[in-house]
Amino acid sequence: MSDNNVKETIEALDGERMRAMVAGDVETLGRILADDMTYVHTSSAVDTKESMLESIGNGNLNYRKMAARNVMVRACGDAAIVNGEADVEVTSGGSELTFSLRFTDVYVNGDAGWQMVAWQSTRLP
């Protein structure tokens, strides 16, 4: 797969992931997130795939908006690194939050195809 094809594939997959988070679609997220994924929130809280799907599934983590912008994808063999910014509206543990963030997102192409293995985000001032 050419670098351009990888970039297009990952941009589409990451968009699908963000839409699934807003929709609370744990089935789609289960397919996109790698079993060993680490998700570091802007609060510094860390989720695994299991804990993230549980929090979204039970409504403890309810994304109302996750809109990415300024996204750049770099293909690195069987990995892809995504950098960008996003506007987020989420209810977490009963608190409603609205903020913008900068993120680094990593996808790996393995036996299950392209899956997200890591997310790290920092709130923008």
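The model is a predicted one, in which local features need pLDDT of at least 70 and side-chain atom pairs count only at pLDDT 80 or more, while totals for chains, interfaces and linings use all residues. Residues are numbered from 1 along each chain as its sequence is written, and side-chain values use heavy atoms, with hydrogens and water left out.

**Around Gln-115**

Staying on Gln-115, colour strand E6, residues 113-123, in which Gln-115 has its place; helices (H or I, at least four residues) and strands (E, at least two) are DSSP runs numbered from the N terminus. Gln-115 is buried, because its relative accessible area is 15% and buried means under 20%, exposed over 50% and partly exposed in between, with a 1.4 Å probe and protein chains only. If neighbours within four places in sequence are set aside, Gln-115 is in contact with Gly-30, Arg-31, Ile-32, Leu-33, Ala-34, Val-106, Tyr-107 and Val-108, contact meaning heavy atoms within 4.5 Å.

**The strands beside E6**

E1 and E6 run parallel and are joined by four bridges, and within E6 you can pick out Ala-118, which stands opposite Thr-38. E5 and E6 run antiparallel with ten bridges between them, and a hairpin of two residues connects E5 to E6.

**The nonpolar core**

Now turn to Tyr-39, Tyr-63 and Tyr-107, the residues with the most contacts inside the largest nonpolar core, which has 31 residues; such a core is a set of buried Ala, Val, Leu, Ile, Met, Phe, Trp, Tyr and Cys residues joined through side-chain atoms within 4.5 Å. At least two residues of this core come from each of helix H1 (3-23), helix H2 (26-32), strand E1 (33-40), helix H3 (49-57), strand E3 (61-76), strand E4 (79-92), strand E5 (95-110) and E6. H1 gives the most, with six residues. Around Tyr-63, again leaving aside neighbours within four places in sequence, the contacts are Met-21, Val-22, Tyr-39, His-41, Met-52, Ile-56, Val-88, Glu-89 and Val-90.

**Val-73 in E3**

Move on to Val-73, whose place is in strand E3 and which counts as buried at 5% relative accessibility. Not counting residues up to four places away in sequence, Val-73 touches Lys-7, Ile-10, Glu-11, Ala-80, Ile-81 and Val-82. A C-alpha distance drawn from Val-73 to Ile-56 gives 26 Å, for a separation of 17 residues in sequence.

**The whole chain**

Finally, zoom out to the three helices and six strands of the chain, which run α-α-β-β-α-β-β-β-β from the N terminus on. The C-alpha trace spans about 45 × 30 × 20 Å along its principal axes. Of the 125 residues, 37% count as buried, and among contacts with a separation of 6 or more, residues 24 or more positions apart account for 48%.

Note on methods
Two strands pair if DSSP finds at least two bridges between them.
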